[in-house]
Amino acid sequence: MATPSPSLTLLIFSLFILISYTESRRLTSISSLICNNLFDSIFLHKDDVACPANHFYTYDSFIQATRFFPKFGRSGCVETRKREIAAFLAQISHETTGGWATAPDGPFSWGLCFKEEVSPQSNYCDPNNTQWPCFPGKSYKGRGPIQLSWNFNYGPAGKALGFDGLRNPEIVSNNSVIAFKTALWFWMTEQKPKPSCHNVMTGKYVPKKADTAANRTAGFGLVTNIINGGLECGIRNDARVNDRIGYFQRYAKLFNVSTGPNLDCENQKPFS
């Protein structure tokens with residue numbers, strides 16, 4: 001039997017490496033963990049006429065935005081990756097919920113219903129933050145999936161993502177991909193003394209002495225503390241916290257993963 005030539009052997013080896021790399025990329029991509037049909041099953045009513053954001057939050061925009069954050073949903077084992085995605089989607093669902101107790105298909109089927117804060121109480125400008133100064137006539141109210149708010153969030157988010165968050169905050173509710181990017185930016189970015197939500201949900205969170213004293217233990221409840229702990233944590237049986245948990249429990253079931261421990265933050269001290 002003839003021995004393959006060195007050039008043919010090299011070609012076969014190169015093809016093997018290319019196929020292995022392509023398959024590895026496919027298996028670690030977000031779309032391999034959450035397909036379009038699963039996305040639609042999660043957000044059953046986001047495109048209903050009753051939702052002001054109907055047809056804004058698309059699956060393609062979500063997937064496109066995740067490519068800007070290569071570590072999101074790609075850290076740890078498959079179960080950890082799915083749990084992180086479920087936790088992220090649960091938190092943005094609460095922030096944009098259009099559900100109510102007797103809503104069709106239950107209250108936790110109505111995420112991504114809003115893209116702008118309803119009846120904001122102010123323009124969310126912190127005049128003391130000179131690093132990210134507000135611009136006259138601009139409102140830094142909640143926008144997008146995470147309801148990004150305040151000038152000190154719009155400024156750095158825009159800088160990181162390539163848009164002028166202080167002069168043009170409206171783009172977050174006008175561009176679906178940028179909207180998802182701002183939510184992922186908040187999720188992935190450590191804002192000391194707070195850890196990133198990503199590190200908490202992927203086991204990379206290492207509590208400091210102050211965290212241990214404040215009972216800030218890793219889990220979905222700590223993510224809630226990062227997002228809105230000043231208003232929701234340290235409170236027994238808070239309805240807002242329970243709503244976040246309800247979304248997470250439904251989504252974890254759809255992903256066929258456990259939620260993990262420490263779902264609430266009622267015994268945690270807020271970061272501020």
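Modeller: Happy to! Helices (H or I, at least four residues) and strands (E, at least two) are DSSP runs, numbered from the N terminus. From the N terminus on, the elements here run α-α-α-α-α-α-α-α-α-α.

Colleague: How many helices and strands does that come to?

Modeller: The protein has 10 helices and 0 strands. A word on the source: this is a predicted model, where local features need pLDDT of at least 70 and side-chain atom pairs count only at pLDDT 80 or more, while totals for chains, interfaces and linings use all residues. Residues are numbered from 1 along each chain as its sequence is written, and side-chain values use heavy atoms, with hydrogens and water left out.

Colleague: Thanks. What share of the residues is buried?

Modeller: Of the 272 residues, 47% count as buried. Buried means under 20% relative accessible area, exposed over 50%, and partly exposed in between, with a 1.4 Å probe and protein chains only.

Colleague: And what share of the contacts is between residues 24 or more positions apart?

Modeller: Those make up 67% of the contacts with a separation of 6 or more. Contact means heavy atoms within 4.5 Å.

Colleague: Let's look at some packing. At what angle do H4 and H10 pack?

Modeller: At about 140°, with their axes 8 Å apart. Axes are lines fitted to C-alpha atoms, for helices over the stretch in contact, and angles run from 0 to 180 degrees between N-to-C directions. H4 and H10 are therefore oblique to each other; angles under 35 degrees count as roughly parallel, over 145 as roughly antiparallel, 65 to 115 as roughly perpendicular and the rest as oblique.

Colleague: Is the crossing of H4 and H10 left-handed or right-handed?

Modeller: Right-handed. A crossing gets that name if the near helix is turned clockwise from the far one by less than a right angle, and left-handed if anticlockwise.

Colleague: Which residues meet there?

Modeller: Among them are Ala-86, Ala-90 and His-94 in H4, and Arg-244, Tyr-247 and Tyr-251 in H10. The residues of this contact divide into 10 nonpolar, 3 polar and 6 charged. Ala, Val, Leu, Ile, Met, Phe, Trp, Tyr, Cys and Pro count as nonpolar, Asp, Glu, Lys and Arg as charged, and the others, Gly among them, as polar.

Colleague: What about H9 and H10?

Modeller: The axes of H9 (residues 220–232) and H10 (residues 239–255) come within 11 Å and cross at roughly 155°. That makes H9 roughly antiparallel to H10. The residues in contact include Phe-220, Ile-227 and Leu-231 of H9 and Val-241, Ile-245 and Phe-248 of H10. By class, there are 6 nonpolar, 2 polar and 3 charged residues in the contact of H9 with H10.

Colleague: What does Ala-160 touch?

Modeller: Phe-68 and Trp-185, leaving out residues up to four places away in sequence. Ala-160 and Trp-185 are 25 residues apart in sequence and 8.0 Å apart in space, C-alpha to C-alpha.
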